[in-house]
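Dear colleague,

Please find the structure below, together with a summary of what was found in it.

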Amino acid sequence: MTRELYELRGAEPDLLFSPYCWRVRLALLHKGLEFVSRPVRFTDKEALAFSGQKLVPVLREDDRVVHDSLAIFRYLDEAYPQRPLLGDPSAYQRAKVIERLTFMSMRMPLLKLLVPRVHAVIDPADRDYFRRTREQAFGQTLEAFADPSGGTQRFREALEPLEKLLAEQPYLDGEAAGGVDYLVVGLLLWAWCLGAQPWEEASAVGAWFRRLLAWYEQGQGPIKRAAL
Ligand SMILES: N[C@@H](CCC(=O)N[C@@H](CS)C(=O)NCC(=O)O)C(=O)O
């Protein structure tokens, strides 16, 4: 059986920055599952046609195809019950609540910081598509939407409850890392791979990030960061 992960790439094929794809990479390492990376550009939609939709991550195990990071977590827990990511079905529902809350509180501020960086690292052939789709979604130009300092400020405020929690326990999931850690740290890895670190190094969040980064790099080798 071949296990393939379709994930977003920049102009350089090994520059992986999508927060949702990072979640799945971490989940696969957590389960101890090997996979073949299939990096795709924003406009490589034909490469994803088999999945019946247009977004990454997509996990394919022969004829089994799953898309959406949390649906992939759930699938992995069903297919490979060892070392649960989320656990029972109600835990999946709770993870969806966390996903919605972090989407607004963390992902949106990060987007204000990272939009110019994403535009800079993607393949030049993807830039018109990226600009057009994002400007349609934002209702304004990329330049008007971008606000690195405001985004950083709001992101730091959103981290405050996590900072307090991580001062009391090593991981969001408790004594060991799990699905909620990967769900959230995927967002930080998005910034990290794009050469930004909008959180304090000397903080509980900073130490938690370093622990997860060291664990990932020990298993999978160094993570490429854009030189921005
Ligand atoms: N809810 C999905 C979101 C997936 C998503 O938005 N993926 C982005 C990459 S970060 C994508 O594929 N974008 C392609 C496009 O905009 O055409 C998940 O959790 O996997």
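A pocket, on a 1 Å grid over the protein atoms alone, is an open set of points with protein on both sides within 12 Å along at least five of seven lines; a molecule sits in it if more than half of its atoms lie within 2 Å of its grid points. The ligand takes up the largest pocket.

This is a predicted model, in which local features need pLDDT of at least 70 and side-chain atom pairs count only at pLDDT 80 or more, while totals for chains, interfaces and linings use all residues. Residues are numbered from 1 along each chain as its sequence is written, and side-chain values use heavy atoms, with hydrogens and water left out.

Residues surrounding the ligand (a heavy atom within 4 Å) include Leu8, Phe42, Lys45, Val56, Asp68, Tyr129 and Arg134. Polar contacts are pairs of N or O atoms within 3.5 Å. An oxygen atom of the ligand lies 2.4 Å from a side-chain N or O atom of Tyr129, and a polar side-chain atom of Lys45 is 2.7 Å from a ligand oxygen. Val56 contributes a backbone N or O atom, 2.8 Å from a ligand nitrogen. Of the 520 Å² of accessible area that the ligand has on its own, the protein covers 82% (Shrake-Rupley method, 1.4 Å probe).

The structure holds 0 disulfides (cysteine sulfur pairs within 2.5 Å). The sulfur of Cys21 is too far for a bond, because the closest cysteine sulfur, in Cys193, is 11 Å away.

Technical notes. Polar contact = N/O pair within 3.5 Å; in protein donor to acceptor, adjacent residues only side chain to side chain. 1 Å grid on protein atoms, 1.4 Å probe; cavity = no way out; pocket = protein on both sides within 12 Å on 5 of 7 lines; lining within 4 Å.
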